[in-house]
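Dear colleague,

Please find below the structure that I am handing over to you. My notes on it follow directly after.

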Amino acid sequence: MTQNILVPDIGDFKDVEIIEILIKPGDIISKNDPIITIESDKSSVEIPSPLDGEIKDIKVNIGEKVSKGSILATIQNSQVVSQKEEFKKETTEDKPTQNKNLDLDKSVDKVKNVFAEASSKEDIDPLETNEWIDSLNSVIKGEGASRASYLLNKVINQAYKSGLVLPDTRTTPYINTIPPEAEVKSPGDQNIEKRIRAYIRWNAAAMVVKANKKSSELGGHIGTFASAATLYDVGMNHFWRAKNNKFGGDLIYFQGHSAPGVYARSFLEGRINEKQLNGFRQEVEKGGLSSYPHPWLMPNYWQFPTVSMGLGPIMAIYQARFTKYLINRGLIKDEGRKIWVFLGDGEMDEPESLGAIGLAAREKLDNLIFVINCNLQRLDGPVRGNGKIIQELEGSFRGAGWNVIKVIWGSYWDQLLAKDQSGLLIKRMNECVDGEYQAFKAKGGAYVRERFFGKYPELKELVSSMTDKDVWKLNRGGHDPHKVYAAYHAAMNNTGSPTVIIAKTVKGYGMGKSGESINTTHQQKKLDEEDLLYYRDRFNVPLTDKQVKNIEFYKPDENSEEIKYLKDKRLKLGGSIPERSSFAKSIKTPPQDIFENFMKSTGEKEMSTTMALVRMLTSLLRDKNVAPRLVPIIPDEARTFGMEGFFRKIGIYAHEGQKYEPEDSEQLSSYREDKSGQVLEEGINEAGAMSSWIAAGTSYTNHDIEMIPIYIFYSMFGFQRVGDLAWAAGDSQTRGFLIGATAGRTTLAGEGLQHQDGHSQLLASNIPNCVSYDPTFAYEMAVILREGIRRMHEKKEKIFYYITAMNENYSHPEKPKNADEGILKGMYLFEENNNKGKTRVQLLGSGTILREVIKAAKILSKEHGIDSDVWSVTSFNELRKNGMEIERWNLLNPEQKKKKSYVEECLEKRDGPVIAATDYMRSFSDQLRPYIHKPFYSFGTDGYGRSDTRKNLRKFFEVDKEHIVAYTLSALAKEQLVGSDKAEKAIKKYNIDKNKAFPTKL
Ligand SMILES: Cc1ncc(C[n+]2csc(CCOP(=O)(O)OP(=O)(O)O)c2C)c(N)n1
Ligand SMILES: [Mg+2]
C-alpha cells in the first residue's frame, strides 16, 4: 500500500524551509532513516521515515516551505508503528535492577555480637534498653541480617508515622563497617608482603631525600605515601588487573603526591631503573621522573593527572560513567572492570571532589571505588581538628547513596572491642575528635593510655595488662593489610552502587619524630642521618649504616622470595600498573564532499556558524565510520544551540532507558532518553561535562576505542569556568572538539556582562596542545572540522581543538579558491578591493567582526578611495605559534638565510599599514605584532560586556565598521598616507565621542 509521509509535529515552527532531500524515488529505506532536512531560523532537523518501504514519489523541492502535515513523499510500505507503541516497547524491556547488597545474610550471619551501647544518663531504664538490644541480637542470630534490617525499618517507619523525631542516622558508630567475623581473609603471604612494603617505603623516601640533597628546589613528599603504602600494596598484590590482550584493565587514579611510592614499586618490578629514581623531579634531561602523574611527560606510564586536588575524583566519576556508556552503547564488552580512585582527606574539601557523588550513585556506578586516605592531616594541619572527617565523609556519601566501608581500626583492636561489654570503648572512640587522634599518634603509647583509655576507669582497666608498646601497636585500619583486603574484597563484589572506602591512617607513618603525625609532616622532604637510620630500623630494611648514610636504594636479588612474589602477583593480575598504551584503530576521515554544501554561498539565506556546525554534525552522523564514534556533550543548552533534533535522532544516554512517556513524545525533537542513547546531556554542569569530554577523548587509551567527543557550551562558561580541567585534558592528551558557542563580546547582545566572552580564545591559547580557531563563515568551519577529525582521530596527533561558534545569523559566501591551506594555517586573503589604486591598507578580522571589517573595506574604497586587502584570520593563536617558532629559529641561526613566518609570507608584499579587529580583547590580535614588520593597530573588545543591541555594543567597544573606517584613516594619516583632516572628518561624521573613556574603565 502506498502512503504519504507527512511532516510530523515540529513544535511551534511553521513554514520551515527544506534544505536537503536525502532520498529519491526507488530508494528502499528503513524506518527512522532520514529523508528530508528542514531548517528554521534557529536549527535544522532531519525528518525520519515513519516506516520501512520503497520511496515512490517526492512531493517537495529544496527551498520549499513546509509545516506540520505537509506531504513530503509517498512510500510503499509494510507497517506503520506509532511512536506511542514504540515507547511502550522500549520501557517494558528495562526493569529496574535489584539491589543485591540487601542480601547481607551470608556475611553478617557470622557476626556474633551487636556491640552494646554505653549506658548514658538519658537512659531511664537500662534494663529495658538491654532487652531491645538482646531481641535484635537474637533476630540476627536466628533469622539473619535481612530480617533484622526489615524489622528495624518497619519500626522506624512506624516511629515516623507517630511523629517521632528520630536521631540522625547519616553516620554509623566510629568502628569498622565490616565486623571481624565477616572479613574475607587475604590469601597473601603477609611476611613477604610486609618486607616488600618496607622496601617500597624506603625507596620512596630515599628518592625524595636524594633529590633534595642535590637541590632543595626539587621538593617532594614522604609523609603521604608513608600513610598510604598498605592501601596501594594490597591493591597491587591482589586486586588491580592490568590491561592485556584478554582484558581491558582496571583504571587506577593514584593520589598525585604519592607518586614516589608508585615509582618505588615499579623499581622493584624492574620497570624503572636506579638512574631514573635518581632523576626524580629532574625531567629536563631525558629519563627523569615526573613530580606527579603527568601523562604528557611520561606517556607510557601515567594515565591520569590527579595532582590538582579535586580533579581526580570528578574525572574518575565521569570515567566510570563513560565506561558504562560505552558498554550500554555496545561499543565495548562488560568485563567487570573497576575504576579505583585514591584521594586525600584534605582533598575532599575541594568542591569538585564531592560535587559529582550524587551522579555516581544515581547512575549506579558499581564499577567505581573511591579510597579516601584519612590520615587526618592536610598541608597546614588537621583536616577536622574539632570533628571527625571520617564521620563527616560517611554522612555525605551515605546520604548520596554510596556503599560506605569504613576501615578505622586495625586487627589489634578487635579483641579489645570484643572484650568491651560496657560499650564505653565505642563511646570513647566516638567522642574523641581528630585533633586528639592526631596527637595520640604523635606522642606515643603512654600518652594514648593516659589520654584515650584514661578517661574512663573501665577502659584504663581494659588495657592494664598491656605495655605502652602494646598500646602504641594498636594500629589503624588503613595500615592493616587484613582489614584493607577485606574492604577491597567487599568493594569488588558490591553491585548497584559505587563504593567508598574510608580508611584511617597516620600521616608520615613510621617516620618517628621527623614527621609522624605532626603538623609539619606534609612538608618533610629532608631526613637527616638519624631519621634515616630510624626509618630503616622501623621497617627492618636490610641496609648497613653506611648504605643508609649514602641513601642507597634497596632492591633484593631478582631470585629473592620478595621479587619473585611481587612479579608473580602482577603476572597473575595480567601485567603492570600503571601503564599507558593504546591499541585503538584510527577513524577514517570523512570524504571531502561530506561538507560540500557548506562550500557554496548560502545566497540570501542567513544562518549562524553554530547552526552550520550542527548541520555538519548531522552530516557526520550519516558517515558510517564517524557516526557511532561521535559523542555530543551538552550542559543543558541543546535548544540554545539548535541541537534538540539530536534527542530523537540519536537519543540521550540514560542508563535505565526512559521510564516515562515524554510530554512532547509526538514531536520530532521529542526528549528521548535511551539506554543506548548517544548524546551526553549533562544538565547544568560544565565541570561534569568537561570530565565526560576528557573521558571520551582519552577513550583511545583507557578503552582502546577512538571516540570523537564534541562538547558544546557557552564559550564564557568554558575555559574560564573549568580551566584547570582543560589543562588536565591537555596533559591527558585528550582528543576531541571543544566548541565555545555564543562566542564573542558583542554577539550575545542582550545577555550582558557574565555571558559575553571576549577572551576564551586567549585562555585557549595558554594550553600548549590546544589548536584554536575563530571562524566566520560556514566553509571555514567545515574545513577546520574535517581537518580536526583527520589530525586527531585518523593521524592521532596529541592535540585538541577549540573552535568558537557564533549565534549571529548572516549569509555566507562561497569559499574562495585555494583557501583551504590558509584557513588551516590561520589566515587567507578573503578579498581585494582595488578601486583607485593609490593608498592601500591591510585589514584583518575574525569571527563576526570580520564582517564589520569587510563592510569597512567597502566604505574605505567607495567613500575614501582607499584600497585594501581583507584577510580572514581564522586563528591568531596558530599564527602566533608559527611566528614564535620561526623567530626563534632565525635568532638561533644568525648566519643562515632568514625564514619567514606565515604572517610575513602573507603580508610582506602587500602595501599599507595593518589594521586588525576582532570580537576579542586586543591582546588576541596583538599576538601578531612581532611578526608584522609594518605599522600595526589592533582593535578589540577590552572591558566588561553589557547588555544592548549588537550594533550599540560594537559601537561601544569601537569595533563597528564606522570605527574601523575612522581608525584606519587616522592610522593612514599617521603614516602620512592621507591627510589628517580626512580622519578628523570621519570621526565627526560617525559621531565618535573622543571624550568617552576607554571601555575597560566603564
Ligand atoms: C588544587 C590544589 N590546591 C593545592 C594543592 C597543594 N597541595 C598538595 S598536597 C596538599 C595537601 C593534601 O592533603 P590531603 O589531601 O589530606 O593528602 P595527604 O597528603 O594528607 O594524603 C596540598 C594543599 C594542590 N595540589 N592542588
Ligand atoms: Mg590527609
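Is C432 buried or exposed? C432 is buried, its relative accessible area being 0%. Please bear in mind that this is a predicted model.

Cysteines. The structure contains zero disulfides. C432 takes part in no disulfide, and the nearest cysteine sulfur, which belongs to C374, lies 16 Å away.

Magnesium site. Three residues coordinate the magnesium ion (ligand 2): D345 through OD, N375 through OD1 and Q377 through O, at 2.0 to 2.1 Å. D345 sits in the loop between β10 (339–344) and α10 (351–355), whereas N375 sits in the loop between β11 (368–374) and α12 (389–400). The pair is 30 residues apart and links distant parts of the chain. The sequence spacing of the donor residues is D-x29-N-x1-Q. D345 and N375 are both buried.

Helix α13. This helix spans residues 412–419, and its buried residues are W413, D414, L416 and L417. An α-helix has 3.6 residues a turn, so residues three or four places apart point the same way. The packing partners of the buried residues of α13 are α14 (424–431), α17 (457–462) and α19 (481–492).

Yours sincerely

Definitions and conventions. Residues are numbered from 1 along each chain as its sequence is written. Chains are lettered from A and ligands numbered from 1 in the order in which they are written. This is a predicted model: local features need pLDDT of at least 70, side-chain atom pairs count only at pLDDT 80 or more; totals for chains, interfaces and linings use all residues. Side-chain values use heavy atoms; hydrogens and water are left out. Buried means under 20% relative accessible area, exposed over 50%, partly exposed in between (1.4 Å probe, protein chains only). Helices (H or I, at least four residues) and strands (E, at least two) are DSSP runs, numbered from the N terminus. Contact means heavy atoms within 4.5 Å. Donors are N, O and S atoms within 2.8 Å of the metal (3.2 Å for Na, K and Ca); water is not among the atoms, so sites may look incomplete. A disulfide is a pair of cysteine sulfur atoms within 2.5 Å.
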